Amino acid sequence: MIIANNINKQFGKLKVLDNVSVTCNKGECIALIGPNGCGKTTLIKSILGMVVCDSGFITFNGKNILHEWQYRSAIGYMPQTGRYPENMTIGQVLDMMKDIRNNKDTKLDEELVIKFELKSLLHKRMRTLSGGTMQKVSAALAFLFNPAVLILDEPTAGLDPVAAEILKEKIIAEKAKGKLILITSHILSELDELITQVIYMQDGQLIFHKSIGDLRADTGQKKLSKAIASVMLKNR
Amino acid sequence: MKKIIKYVIIDILRNKIVLAYTVFLLLLSFSIFNLEDNSAKGLLSLLNIVLIIVPLVSILFASIYVYNSAEFLELLVSQPLKRNTIWLSIFIGLACSLTLAFFVGVGIPVLLYEFTATGITMLLVGLLLTIIFVAIAMLATVNTRDKAKGIGVAILLWLYFSILFDGLVLFLLFQFADYPLEKAMIGISAFNPIDLSRILVLLKMDVSALMGYTGAVFKDFFGTTTGLIIAILVLMFWSIIPVWLSVRKFNRKDL
């Protein structure tokens with residue numbers, strides 16, 4: 001579904017993505033793991049077209065995403081730190097996104113809006129929100145349009161345990177529907193029950209892309225956190 | 001595209017600066033026309049103020065607005081929208097609300113007191129200057145990431161077009177006083193939209209005699225229909241080219 005081919009990206013002198021190639025298919029739930037500053041978010045942003053790579057190309061359903069924009073209607077993106085127009089209310093932001101992305105055919109999925117109890121906060125301005133509430137809005141927006149691909153950048157960071165559990169259940173439910181899900185997270189223990197594949201990055205390079213079964217077999221560890229820890233130590 | 005323009009305009013109207021700008025222009029125009037017994041003289045005073053204030057407010061408001069809507073831009077770029085559409089919508093939203101403010105603030109008094117060819121020319125020139133300086137602000141902001149630096153660049157650009165450019169031209173004229181520069185001055189004036197606007201309106205006011213021989217040459221050129229059309233075209237270029245350059249830059253920008 002998404003194929004990245006030898007993409008490179010430099011910010012000034014810093015090489016953030018170094019010849020990264022990834023293939024992501026439908027029905028997979030992929031964890032993007034790696035130390036801070038290893039290029040996970042940049043990779044996600046280049047898939048979304050927010051960052052334009054220096055060389056290499058990315059295709060979505062066989063089409064190069066450069067100069068394309070329509071493909072983003074099949075993606076729900078939850079950013080690491082949601083940034084929204086400060087003097088809009090939650091209700092206005094939700095309405096605006098519905099207005100911008102409206103296709104009559106897609107049924108809106110308001111499950112998270114309801115479960116996160118955002119309905120009672122609709123009149124609150126974005127600048128007055130706490131980090132956690134902001135994350136809830138981001139999550140609700142990502143799932144709202146029932147997209148075929150979900151890209152979640154640190155989805156549970158800042159969420160309270162109840163909300164994190166709701167979100168996790170939602171991710172599992174969407175995975176069961178055969179959607180492609182890309183997650184980055186540092187809380188490996190919560191990924192165990194979600195993911196089918198692992199992409200490990202370090203210093204802008206893709207170290208490996210394996211199914212979780214292979215990774216467990218290779219490292220001899222049952223838990224993802226232990227498996228990754230042994231990989232990280234080996235690479236040091 | 002219409003939807004995004006709508007959201008930009010709603011957002012601009014919600015912060016009261018544009019409203020204050022409109023009221024300020026209204027008060028200014030009415031008080032000038034009421035102070036002078038001859039409304040043609042009033043128009044001249046108004047012209048001088050308009051040529052300073054309109055570019056300044058347009059360039060500053062537009063650049064600050066673009067920096068403040070960084071979050072909005074970021075949100076929209078991850079959505080199924082063309083980058084061209086996003087950037088042009090912000091430009092059109094800004095240009096529309098500021099030209100509307102100018103039209104209400106200066107246009108209504110001018111149409112009431114001085115509904116003449118000169119008055120209309122000044123209105124047209126003011127509207128074009130608003131659009132031009134919004135366009136220049138878009139170009140300045142897309143090229144500078146840092147907010148403080150970007151706003152500084154915007155102020156410097158305004159300073160250049162309103163004051164420094166005239167100084168440079170004067171310097172040039174004195175240095176090359178022995179050569180016939182009158183014709184060349186027409187070309188040079190095309191490099192500054194504010195000067196070009198001033199010349200256009202002054203010529204309509206028949207005070208070009210005050211500008212000496214250069215004034216006569218200007219009158220010969222800009223007084224004709226072709227000259228006028230060329231001048232208007234040059235002003236349009238001044239609004240289109242910065243926007244076009246900024247769109248190109250925005251399409252490759254990392255957010």
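Pairing here needs at least two DSSP bridges between two strands. Strands are DSSP E runs of at least two residues and helices are H or I runs of at least four, numbered from the N terminus. The model is predicted: local features need pLDDT of at least 70, side-chain atom pairs pLDDT 80 or more, while totals for chains, interfaces and linings use all residues. Residues count from 1 along each chain as written, chains are lettered from A and ligands numbered from 1 in written order, and side-chain values use heavy atoms, without hydrogens and water.

I checked the partners. A:A31 bridges to A:V198 in β9(A). β3(A) also pairs with strand β8 (residues 180-184) of chain A, parallel, over 4 bridges. There A:L32 has A:T184 as bridge partner.

Next I asked about burial (under 20% relative accessible area is buried, over 50% exposed, partly exposed in between; 1.4 Å probe, protein chains only).

I then took helix α1 (residues 40-48) of chain A: 8 of its 9 residues are buried. Among them are A:K40 and A:K45. A:G49 follows α1(A), with a positive phi near 80°.

Last, chain B. I found the axes of α2(B) (residues 17-35) and α3(B) (residues 39-68) within 9 Å, crossing at roughly 165°.

Methods:
Axes are lines fitted to C-alpha atoms, for helices over the stretch in contact, and angles run from 0 to 180 degrees between N-to-C directions.
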